[in-house]
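The structure is shown first.

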Amino acid sequence: MSWGRDTRLFATAAAGTEGALKAELRDLGLSGGKAARGGVRVGGGLEAIARLCARSRIAVRVLIELDEFACADERALDRGVGAIAWERWLTPDRTLAVRATSRDSRVSHTGFLAQRVKDGIVDRQRRLLGARSSIDRRDPDVGVVLRLERDRASVLLDASGASLHRRGWRAEEGAAPLKETLAAAVVRLSGWDRERALHDPLCGAGTIPIEADLWARGVPAQRPERRFGFERWADHDEDARARVARERAAGEARVRADGPACAGSDEDPEAVRRARANAARAGSRARFEVADLTAVALPAGAHVVANPPYGERLAAADVWPALEVAVARWRAAGHPVSLLLPDDAPALNPPGAAAPRAHSLFNGALPCRLVTWDDPKG
Ligand SMILES: C[S@@+](CC[C@H](N)C(=O)[O-])C[C@H]1O[C@@H](n2cnc3c(N)ncnc32)[C@H](O)[C@@H]1O
(Lines give C-alpha, C1' and ligand atoms only; values in the text may rest on other atoms or scores of the structure.)
Protein backbone atom coordinates (compact mmCIF):
# COMPACT_ATOMS: atom_id res chain seq x y z
CA MET A 1 0.00 0.00 0.00
CA SER A 2 1.26 3.46 -0.71
CA TRP A 3 0.38 7.12 -0.35
CA GLY A 4 -2.21 8.53 -2.78
CA ARG A 5 -2.06 11.96 -4.38
CA ASP A 6 -4.62 13.37 -1.96
CA THR A 7 -2.35 12.74 1.03
CA ARG A 8 -2.14 15.87 3.19
CA LEU A 9 1.44 16.91 3.79
CA PHE A 10 2.80 19.54 6.13
CA ALA A 11 6.37 20.68 5.48
CA THR A 12 7.71 22.51 8.52
CA ALA A 13 10.00 25.53 8.32
CA ALA A 14 11.58 28.13 10.61
CA ALA A 15 9.11 30.86 11.57
CA GLY A 16 9.19 33.61 8.96
CA THR A 17 10.44 31.34 6.17
CA GLU A 18 7.07 29.76 5.30
CA GLY A 19 6.61 31.99 2.23
CA ALA A 20 10.08 31.06 0.96
CA LEU A 21 9.23 27.38 1.43
CA LYS A 22 5.97 27.79 -0.45
CA ALA A 23 7.85 29.36 -3.39
CA GLU A 24 10.39 26.55 -3.27
CA LEU A 25 7.66 23.91 -3.36
CA ARG A 26 6.21 25.57 -6.45
CA ASP A 27 9.63 25.37 -8.12
CA LEU A 28 9.72 21.68 -7.22
CA GLY A 29 6.44 21.16 -9.05
CA LEU A 30 4.31 21.02 -5.88
CA SER A 31 1.83 23.79 -6.46
CA GLY A 32 -1.21 24.69 -4.37
CA GLY A 33 0.76 24.88 -1.11
CA LYS A 34 -0.79 26.99 1.65
CA ALA A 35 1.55 28.74 4.04
CA ALA A 36 0.53 28.33 7.69
CA ARG A 37 2.24 29.05 10.99
CA GLY A 38 5.46 27.04 11.01
CA GLY A 39 5.19 25.48 7.56
CA VAL A 40 3.31 24.83 4.35
CA ARG A 41 0.38 22.48 3.74
CA VAL A 42 0.42 20.76 0.38
CA GLY A 43 -1.21 17.72 -1.17
CA GLY A 44 0.74 14.93 -2.81
CA GLY A 45 1.52 11.23 -2.93
CA LEU A 46 4.60 9.10 -2.47
CA GLU A 47 6.60 10.86 -5.21
CA ALA A 48 5.83 14.27 -3.65
CA ILE A 49 6.95 13.00 -0.23
CA ALA A 50 10.21 11.68 -1.70
CA ARG A 51 10.77 14.89 -3.68
CA LEU A 52 10.17 17.09 -0.67
CA CYS A 53 12.47 15.07 1.56
CA ALA A 54 15.26 14.81 -0.99
CA ARG A 55 15.13 18.22 -2.66
CA SER A 56 13.60 20.86 -0.41
CA ARG A 57 16.40 23.03 0.95
CA ILE A 58 14.12 25.00 3.31
CA ALA A 59 11.81 22.35 4.84
CA VAL A 60 12.98 21.11 8.23
CA ARG A 61 10.61 18.14 8.40
CA VAL A 62 7.99 16.58 6.14
CA LEU A 63 4.93 15.38 8.02
CA ILE A 64 1.96 13.37 6.77
CA GLU A 65 -1.37 14.27 8.33
CA LEU A 66 -3.25 11.11 9.32
CA ASP A 67 -6.23 12.62 11.07
CA GLU A 68 -7.60 15.78 12.58
CA PHE A 69 -10.31 15.99 15.25
CA ALA A 70 -11.76 18.10 18.05
CA CYS A 71 -9.80 17.43 21.21
CA ALA A 72 -10.86 19.24 24.34
CA ASP A 73 -9.71 16.51 26.75
CA GLU A 74 -7.73 13.29 26.97
CA ARG A 75 -10.73 11.08 26.27
CA ALA A 76 -11.18 12.70 22.86
CA LEU A 77 -7.47 12.18 22.27
CA ASP A 78 -7.70 8.49 23.22
CA ARG A 79 -10.65 7.98 20.86
CA GLY A 80 -8.92 9.77 17.99
CA VAL A 81 -5.58 7.99 18.40
CA GLY A 82 -7.20 4.58 18.96
CA ALA A 83 -9.12 4.87 15.68
CA ILE A 84 -5.98 5.18 13.51
CA ALA A 85 -4.74 1.98 11.82
CA TRP A 86 -1.18 2.28 13.14
CA GLU A 87 -0.38 -1.31 12.11
CA ARG A 88 -0.16 -0.12 8.52
CA TRP A 89 3.20 1.57 9.32
CA LEU A 90 4.15 0.36 12.75
CA THR A 91 4.68 -3.36 13.39
CA PRO A 92 5.81 -4.44 16.88
CA ASP A 93 9.38 -5.02 15.63
CA ARG A 94 9.62 -1.33 14.68
CA THR A 95 10.47 1.37 17.22
CA LEU A 96 8.31 4.38 18.00
CA ALA A 97 8.67 7.93 19.35
CA VAL A 98 5.97 10.57 19.89
CA ARG A 99 6.43 14.36 20.11
CA ALA A 100 3.64 16.77 20.99
CA THR A 101 3.03 20.51 20.80
CA SER A 102 0.13 22.44 22.29
CA ARG A 103 -1.04 25.97 21.67
CA ASP A 104 -4.10 27.83 23.02
CA SER A 105 -5.64 24.51 24.16
CA ARG A 106 -7.11 23.16 27.37
CA VAL A 107 -4.56 20.35 27.53
CA SER A 108 -1.21 22.12 27.46
CA HIS A 109 1.27 19.67 29.02
CA THR A 110 3.15 18.35 26.01
CA GLY A 111 4.89 15.56 27.96
CA PHE A 112 1.50 14.28 29.09
CA LEU A 113 0.09 14.51 25.55
CA ALA A 114 2.99 12.59 24.02
CA GLN A 115 2.71 9.89 26.69
CA ARG A 116 -1.03 9.55 26.14
CA VAL A 117 -0.63 9.20 22.36
CA LYS A 118 2.11 6.61 22.86
CA ASP A 119 -0.14 4.67 25.28
CA GLY A 120 -3.02 4.77 22.79
CA ILE A 121 -0.82 3.39 20.01
CA VAL A 122 0.75 0.55 22.00
CA ASP A 123 -2.60 -0.38 23.60
CA ARG A 124 -4.02 -0.86 20.12
CA GLN A 125 -0.99 -2.93 19.10
CA ARG A 126 -1.37 -5.19 22.15
CA ARG A 127 -5.07 -5.61 21.52
CA LEU A 128 -4.75 -6.44 17.81
CA LEU A 129 -1.32 -8.02 17.57
CA GLY A 130 -0.49 -9.23 21.07
CA ALA A 131 2.82 -7.35 21.08
CA ARG A 132 3.96 -3.73 21.18
CA SER A 133 6.73 -1.54 19.78
CA SER A 134 9.50 -0.32 22.01
CA ILE A 135 10.37 3.35 22.29
CA ASP A 136 13.47 4.91 20.73
CA ARG A 137 13.43 8.66 21.20
CA ARG A 138 16.72 9.23 19.39
CA ASP A 139 16.23 7.30 16.15
CA PRO A 140 12.74 5.77 15.90
CA ASP A 141 11.53 3.81 12.87
CA VAL A 142 8.19 5.61 13.15
CA GLY A 143 8.04 9.16 14.48
CA VAL A 144 4.58 10.44 15.44
CA VAL A 145 3.73 14.10 15.98
CA LEU A 146 0.69 15.45 17.79
CA ARG A 147 -0.13 19.12 17.23
CA LEU A 148 -2.86 20.53 19.41
CA GLU A 149 -4.07 23.98 18.44
CA ARG A 150 -7.16 25.65 19.86
CA ASP A 151 -8.45 22.25 21.03
CA ARG A 152 -8.08 20.62 17.60
CA ALA A 153 -5.65 17.75 17.31
CA SER A 154 -3.65 16.84 14.21
CA VAL A 155 -1.94 13.49 14.26
CA LEU A 156 0.99 13.27 11.86
CA LEU A 157 3.73 10.87 10.83
CA ASP A 158 7.25 12.23 10.42
CA ALA A 159 8.17 11.17 6.88
CA SER A 160 11.59 12.81 6.92
CA GLY A 161 13.04 11.11 10.00
CA ALA A 162 16.03 13.11 11.22
CA SER A 163 15.79 16.87 10.71
CA LEU A 164 16.46 17.84 7.09
CA HIS A 165 18.86 20.62 8.07
CA ARG A 166 21.41 17.87 8.60
CA ARG A 167 22.67 17.47 5.06
CA GLY A 168 25.66 15.38 6.08
CA TRP A 169 28.38 17.71 4.77
CA ARG A 170 28.85 20.16 7.61
CA ALA A 171 31.24 18.17 9.75
CA GLU A 172 33.00 21.37 10.83
CA GLU A 173 30.96 24.24 12.15
CA GLY A 174 32.90 26.92 14.02
CA ALA A 175 31.05 29.59 16.02
CA ALA A 176 27.36 30.38 15.45
CA PRO A 177 26.75 28.62 12.13
CA LEU A 178 23.37 29.06 10.47
CA LYS A 179 21.30 25.92 10.04
CA GLU A 180 21.52 24.85 6.41
CA THR A 181 17.73 25.14 6.04
CA LEU A 182 17.80 28.73 7.34
CA ALA A 183 20.76 29.64 5.14
CA ALA A 184 18.81 28.33 2.13
CA ALA A 185 15.76 30.40 3.14
CA VAL A 186 17.91 33.51 3.63
CA VAL A 187 19.43 33.11 0.17
CA ARG A 188 15.97 32.82 -1.39
CA LEU A 189 14.50 35.69 0.62
CA SER A 190 17.46 37.90 -0.31
CA GLY A 191 16.06 37.98 -3.85
CA TRP A 192 19.33 36.64 -5.34
CA ASP A 193 18.57 35.83 -8.97
CA ARG A 194 20.83 32.74 -9.30
CA GLU A 195 22.60 34.44 -12.20
CA ARG A 196 24.84 37.09 -10.71
CA ALA A 197 27.72 36.14 -8.40
CA LEU A 198 27.03 35.76 -4.67
CA HIS A 199 29.54 36.57 -1.94
CA ASP A 200 29.45 36.13 1.85
CA PRO A 201 32.24 38.30 3.34
CA LEU A 202 31.64 36.85 6.88
CA CYS A 203 31.36 33.25 5.76
CA GLY A 204 32.28 31.21 8.86
CA ALA A 205 31.65 27.54 7.97
CA GLY A 206 30.58 28.59 4.46
CA THR A 207 26.93 27.62 4.82
CA ILE A 208 25.47 30.49 2.75
CA PRO A 209 27.71 30.20 -0.36
CA ILE A 210 27.54 26.38 -0.29
CA GLU A 211 23.72 26.34 -0.09
CA ALA A 212 23.53 29.04 -2.80
CA ASP A 213 25.81 27.13 -5.19
CA LEU A 214 23.96 23.84 -4.69
CA TRP A 215 20.57 25.52 -5.18
CA ALA A 216 21.66 27.36 -8.34
CA ARG A 217 22.93 24.12 -9.87
CA GLY A 218 19.87 22.10 -8.91
CA VAL A 219 21.76 19.72 -6.62
CA PRO A 220 19.28 17.86 -4.34
CA ALA A 221 19.50 19.00 -0.73
CA GLN A 222 20.11 15.47 0.50
CA ARG A 223 22.75 13.00 -0.58
CA PRO A 224 21.57 10.05 -2.71
CA GLU A 225 22.40 7.55 0.05
CA ARG A 226 20.30 9.29 2.74
CA ARG A 227 17.33 7.21 3.89
CA PHE A 228 14.23 8.98 5.18
CA GLY A 229 11.80 8.06 7.92
CA PHE A 230 9.05 6.83 5.58
CA GLU A 231 11.45 4.30 4.06
CA ARG A 232 11.52 2.43 7.38
CA TRP A 233 7.76 1.94 7.67
CA ALA A 234 5.92 -1.36 7.25
CA ASP A 235 4.08 -0.16 4.12
CA HIS A 236 7.28 0.68 2.23
CA ASP A 237 7.24 -2.27 -0.13
CA GLU A 238 9.15 -3.10 -3.34
CA ASP A 239 6.84 -1.04 -5.53
CA ALA A 240 7.24 2.01 -3.26
CA ARG A 241 11.02 1.57 -3.18
CA ALA A 242 11.17 1.50 -6.99
CA ARG A 243 8.99 4.62 -7.29
CA VAL A 244 11.10 6.53 -4.78
CA ALA A 245 14.31 5.46 -6.54
CA ARG A 246 12.90 6.72 -9.88
CA GLU A 247 11.86 10.02 -8.30
CA ARG A 248 15.28 10.56 -6.74
CA ALA A 249 17.14 9.62 -9.93
CA ALA A 250 15.06 12.21 -11.82
CA GLY A 251 16.17 14.85 -9.27
CA GLU A 252 19.84 13.91 -9.61
CA ALA A 253 19.55 14.09 -13.42
CA ARG A 254 18.68 17.79 -13.23
CA VAL A 255 22.03 18.82 -11.71
CA ARG A 256 23.97 21.41 -13.72
CA ALA A 257 27.75 21.26 -13.84
CA ASP A 258 28.18 25.03 -13.90
CA GLY A 259 26.44 27.97 -12.28
CA PRO A 260 27.02 31.48 -10.98
CA ALA A 261 30.16 32.10 -8.91
CA CYS A 262 29.38 31.60 -5.21
CA ALA A 263 32.13 32.50 -2.78
CA GLY A 264 32.91 33.51 0.76
CA SER A 265 35.66 35.13 2.77
CA ASP A 266 36.48 35.41 6.43
CA GLU A 267 39.25 37.03 8.42
CA ASP A 268 39.80 33.76 10.28
CA PRO A 269 42.01 31.29 8.34
CA GLU A 270 40.59 28.40 10.39
CA ALA A 271 37.03 29.32 9.32
CA VAL A 272 38.15 29.38 5.69
CA ARG A 273 39.77 25.97 6.05
CA ARG A 274 36.51 24.61 7.50
CA ALA A 275 34.41 26.21 4.76
CA ARG A 276 36.62 24.66 2.07
CA ALA A 277 36.37 21.22 3.70
CA ASN A 278 32.60 21.55 3.97
CA ALA A 279 32.31 22.60 0.31
CA ALA A 280 34.41 19.60 -0.77
CA ARG A 281 32.18 17.21 1.22
CA ALA A 282 29.02 18.85 -0.18
CA GLY A 283 30.20 18.64 -3.79
CA SER A 284 29.91 22.43 -3.93
CA ARG A 285 31.93 24.64 -6.28
CA ALA A 286 31.87 27.54 -3.79
CA ARG A 287 35.31 29.14 -3.29
CA PHE A 288 36.67 30.61 -0.08
CA GLU A 289 39.53 32.96 0.80
CA VAL A 290 40.97 34.70 3.84
CA ALA A 291 40.11 38.41 3.77
CA ASP A 292 38.97 41.15 6.10
CA LEU A 293 35.53 42.39 5.19
CA THR A 294 36.87 45.87 4.51
CA ALA A 295 39.42 44.57 1.99
CA VAL A 296 37.49 41.91 0.09
CA ALA A 297 37.36 42.31 -3.72
CA LEU A 298 33.89 41.47 -5.08
CA PRO A 299 33.10 40.44 -8.67
CA ALA A 300 31.08 43.08 -10.57
CA GLY A 301 27.41 43.06 -9.56
CA ALA A 302 27.84 40.35 -6.90
CA HIS A 303 25.00 40.02 -4.37
CA VAL A 304 26.40 40.19 -0.84
CA VAL A 305 24.59 37.84 1.60
CA ALA A 306 25.82 37.40 5.17
CA ASN A 307 24.95 37.00 8.82
CA PRO A 308 27.32 39.28 10.73
CA PRO A 309 28.64 38.23 14.12
CA TYR A 310 26.49 39.65 16.82
CA GLY A 311 26.30 39.06 20.57
CA GLU A 312 28.93 38.76 23.28
CA ARG A 313 30.39 35.49 22.07
CA LEU A 314 31.30 36.91 18.68
CA ALA A 315 32.53 40.35 19.78
CA ALA A 316 30.15 42.19 17.48
CA ALA A 317 31.14 45.62 18.69
CA ASP A 318 34.37 45.45 16.69
CA VAL A 319 32.74 44.62 13.40
CA TRP A 320 29.77 47.02 13.32
CA PRO A 321 31.52 50.27 12.30
CA ALA A 322 33.56 48.40 9.67
CA LEU A 323 30.40 46.75 8.37
CA GLU A 324 28.63 50.08 8.00
CA VAL A 325 31.51 51.47 5.95
CA ALA A 326 31.72 48.27 3.86
CA VAL A 327 27.98 48.27 3.09
CA ALA A 328 28.17 51.91 1.97
CA ARG A 329 31.06 51.01 -0.36
CA TRP A 330 29.26 47.95 -1.79
CA ARG A 331 26.10 50.02 -2.33
CA ALA A 332 28.05 52.75 -4.10
CA ALA A 333 29.51 50.07 -6.41
CA GLY A 334 25.99 48.77 -7.20
CA HIS A 335 26.05 45.53 -5.20
CA PRO A 336 22.75 44.30 -3.70
CA VAL A 337 23.36 43.56 0.00
CA SER A 338 21.36 41.27 2.33
CA LEU A 339 22.24 40.93 6.01
CA LEU A 340 20.60 38.73 8.64
CA LEU A 341 20.57 40.79 11.84
CA PRO A 342 19.10 40.09 15.27
CA ASP A 343 16.17 42.39 16.06
CA ASP A 344 18.06 43.98 18.93
CA ALA A 345 21.14 44.77 16.83
CA PRO A 346 21.68 48.48 16.21
CA ALA A 347 20.32 49.65 12.85
CA LEU A 348 22.90 49.91 10.11
CA ASN A 349 22.70 53.25 8.34
CA PRO A 350 25.36 53.14 5.69
CA PRO A 351 25.94 56.68 4.42
CA GLY A 352 24.22 57.35 1.09
CA ALA A 353 22.09 54.17 1.08
CA ALA A 354 18.28 54.33 1.02
CA ALA A 355 16.30 52.42 3.65
CA PRO A 356 16.44 48.65 3.05
CA ARG A 357 13.48 46.28 2.85
CA ALA A 358 13.22 44.03 5.89
CA HIS A 359 11.81 40.54 6.40
CA SER A 360 11.18 39.17 9.92
CA LEU A 361 12.20 35.62 10.74
CA PHE A 362 13.64 33.53 13.53
CA ASN A 363 17.13 32.08 13.85
CA GLY A 364 16.29 29.35 16.38
CA ALA A 365 14.60 31.29 19.19
CA LEU A 366 16.25 34.59 18.20
CA PRO A 367 13.99 37.10 16.43
CA CYS A 368 15.85 38.49 13.43
CA ARG A 369 15.32 40.52 10.32
CA LEU A 370 16.82 40.04 6.91
CA VAL A 371 17.53 43.53 5.59
CA THR A 372 18.14 43.93 1.87
CA TRP A 373 19.36 46.87 -0.12
CA ASP A 374 18.30 45.85 -3.61
CA ASP A 375 20.17 46.52 -6.81
CA PRO A 376 19.87 50.31 -7.20
CA LYS A 377 19.30 49.77 -10.94
CA GLY A 378 16.38 47.41 -10.18
C1 LIG B 1 28.12 34.55 12.63
S2 LIG B 1 29.60 33.96 11.89
C3 LIG B 1 29.05 33.48 10.30
C4 LIG B 1 28.49 32.12 10.31
C5 LIG B 1 28.23 31.56 8.94
N6 LIG B 1 27.12 32.20 8.26
C7 LIG B 1 28.00 30.06 9.03
O8 LIG B 1 26.88 29.59 8.78
O9 LIG B 1 28.92 29.34 9.42
C10 LIG B 1 30.49 35.44 11.56
C11 LIG B 1 31.88 35.28 10.95
O12 LIG B 1 32.40 36.61 10.71
C13 LIG B 1 33.82 36.55 10.80
N14 LIG B 1 34.35 37.93 10.97
C15 LIG B 1 34.24 38.75 12.05
N16 LIG B 1 34.80 39.95 11.79
C17 LIG B 1 35.27 39.89 10.51
C18 LIG B 1 35.94 40.83 9.67
N19 LIG B 1 36.24 42.04 10.09
N20 LIG B 1 36.26 40.45 8.41
C21 LIG B 1 35.96 39.18 7.97
N22 LIG B 1 35.34 38.25 8.74
C23 LIG B 1 34.99 38.60 9.99
C24 LIG B 1 34.06 35.61 11.97
O25 LIG B 1 35.35 35.05 11.88
C26 LIG B 1 32.91 34.60 11.83
O27 LIG B 1 33.38 33.44 11.16
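This is a predicted model: local features need pLDDT of at least 70, side-chain atom pairs count only at pLDDT 80 or more; totals for chains, interfaces and linings use all residues.

Me: What percentage of the residues in the chain is buried?
Reply: Buried means under 20% relative accessible area, exposed means over 50%, and partly exposed lies in between (1.4 Å probe, protein chains only). Among the 378 residues of the chain, the buried share is 53%.

Me: What percentage of the contacts in the chain with a separation of 6 or more joins residues 24 or more positions apart?
Reply: Contact means heavy atoms within 4.5 Å. Of the contacts with a separation of 6 or more, the share from residues 24 or more positions apart is 77%.

Me: How many Å separate the centres of domain 1 and domain 2?
Reply: Domain bounds come from an automatic or database domain assignment. That assignment gives domain 1 (8-158) and domain 2 (180-219 + 255-373). Twelve residues of domain 1 are in contact with 16 residues of domain 2. Taken over C-alpha atoms, the distance between the two centres is 34 Å.

Me: Which residues of helix H2 are buried?
Reply: Helix H2 covers residues 46-55, and nine of its ten residues are buried, so it is largely enclosed by the rest of the structure. Its buried residues pack against strand S1 (8-12), helix H1 (18-27), strand S3 (39-43), strand S4 (61-70) and helix H7 (238-253). The buried residues of H2 are Leu 46, Ala 48, Ile 49, Ala 50, Arg 51, Leu 52, Cys 53, Ala 54 and Arg 55.

Me: Which elements are included in what covers the buried residues of H1?
Reply: In H1, the buried residues are Glu 18, Ala 20, Leu 21, Ala 23, Glu 24 and Leu 25. Just after H1, Gly 29 takes a positive phi of about 85 degrees. The cover of the buried residues of H1 includes S1, strand S2 (34-36), S3, H2 and helix H5 (180-189).

Me: Is Asp 151 buried or exposed?
Reply: Asp 151 is found in the loop between S6 and S7, and has a positive phi of about 60 degrees although it is not a glycine. Arg 150 is found in the loop between strand S6 (142-149) and strand S7 (152-158), and at 61% relative accessibility Arg 150 counts as exposed. Asp 151, at 15% relative accessibility, counts as buried.

Me: Is Arg 274 buried or exposed?
Reply: Arg 274 is found in helix H8 (residues 269-282). Leaving aside neighbours within four places in sequence, Arg 274 is in contact with Glu 172, Glu 173, Gly 174, Ala 205 and Asp 268. With a relative accessible area of 17%, Arg 274 is buried.

Me: Which residues does Arg 223 touch, not counting residues up to four places away in sequence?
Reply: Arg 223 lies in the loop between helix H6 (207-216) and H7. With a relative accessible area of 27%, Arg 223 is partly exposed. Beyond four places in sequence, Arg 223 touches Arg 167, Gly 168, Trp 169, Arg 248 and Arg 281.

Me: What is the relative accessible area of Leu 323?
Reply: Leu 323 has its place in helix H9 (residues 316-332). Not counting residues up to four places away in sequence, Leu 323 touches Leu 202, Leu 293, Pro 308, Leu 339 and Leu 348. Leu 323 is buried, and its relative accessible area is 0%.

Key:
Residues are numbered from 1 along each chain as its sequence is written. Side-chain values use heavy atoms; hydrogens and water are left out. Helices (H or I, at least four residues) and strands (E, at least two) are DSSP runs, numbered from the N terminus.
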